[in-house]
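Please read them with the structure open.

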Amino acid sequence: MRIHTYRSPQGTAPAVPGVPRLPSPHGWFCVGIARDFKPGTVATVPFMDGEIVVYRTRRGTLRATRPHCPHLGAHLGAGGYVAGELLVCPFHRFGFGPDGVCETTPYSKPPRAR
Ligand code: FES
């Protein structure tokens, strides 16, 4: 019988003997109960070693995203708000659709921020 020893890509030892340490988590993780996120709400939720921002659009689409704006990094959960189907950044008010694409700005044509 041949015994294989798992080595993570980083070469670190398993945190728990016999249980391999994965380079990143895979699978589904509960960050809240869907009914707790009302249309138009934005919430910052702890996740792993950081946070994610969860929001529900006015039509009811529930989304989770990285907390920092792709434009200049403002925290979307600290003053960000839902306008229709968009999550609007509190800093320069760029509006991002549920697919992450910047769809509006208050100033000009949307940039390619995503
Ligand atoms: S940092 Fe978010 S729009 Fe500029």
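1. Arg59 and Glu85 form a salt bridge, with 3.6 Å between the closest N and O atoms. A salt bridge here is a side-chain nitrogen of Lys or Arg within 4 Å of a carboxyl oxygen of Asp or Glu. Arg59 sits in the loop between β2 (50-56) and β3 (62-65), and Glu85 in the loop between β4 (81-83) and β5 (86-88), so the pair ties together parts that are 26 residues apart in sequence. The whole structure holds 1 salt bridge.

2. Buried means under 20% relative accessible area, exposed over 50%, and partly exposed in between (1.4 Å probe, protein chains only).

3. On the source: this is a predicted model, in which local features need pLDDT of at least 70 and side-chain atom pairs count only at pLDDT 80 or more, while totals for chains, interfaces and linings use all residues. Residues are numbered from 1 along each chain as its sequence is written, and side-chain values use heavy atoms, with hydrogens and water left out.

4. The protein chain has 7 strands and 0 helices, in the order β-β-β-β-β-β-β along the sequence. Strands (E, at least two residues) and helices (H or I, at least four) are DSSP runs numbered from the N terminus. Of the 114 residues in the protein chain, 25% are buried. The accessible surface of the protein chain is about 8,200 Å², and carbon and sulfur atoms hold 56% of that surface; the areas come from the Shrake-Rupley method with a 1.4 Å probe, and for residues only the protein chains shown count as cover.

5. Which residues does Phe94 touch beyond its neighbours within four places in sequence? The contacts are His71, Leu87, Val88, Cys89, Cys102, Thr104, Thr105, Pro106, Tyr107 and Pro111, where contact means heavy atoms within 4.5 Å. Phe94 lies in the loop between β5 and β6 (95-96) and counts as buried because its relative accessibility is 8%. Between Phe94 and Pro106, 12 residues apart in sequence, the C-alpha distance is 7.0 Å.

6. The largest pocket has about 350 Å³ of space. Its lining numbers 18 residues, with Ala64, Thr65, Arg66, Leu76 and Gly100 closest to the centre. A pocket is an open set of points on a 1 Å grid over the protein atoms alone, where a 1.4 Å probe fits, with protein on both sides within 12 Å along at least five of seven lines; lining residues have an atom within 4 Å of a point. Strands β2 and β3 each supply at least two lining residues of the largest pocket. By class, the lining of the largest pocket has 9 nonpolar, 4 polar and 5 charged residues.

7. The second largest pocket has about 250 Å³ of space and a lining of 10 residues, with Gly27, Phe29, Val31, Phe47 and Ile52 nearest its centre. That lining has 8 nonpolar, 2 polar and no charged residues. Ala, Val, Leu, Ile, Met, Phe, Trp, Tyr, Cys and Pro count as nonpolar, Asp, Glu, Lys and Arg as charged, and the others, Gly among them, as polar.

8. Phe29 is in the segment before β1 (42-47) and counts as partly exposed because its relative accessibility is 40%. Beyond its neighbours within four places in sequence, Phe29 contacts Phe47 and Met48. The C-alpha atoms of Phe29 and Met48 are 9.6 Å apart, at a separation of 19 residues along the chain.

Notes. Grid points are joined across faces, edges and corners, and a volume is the space filled by probe spheres set on the points.
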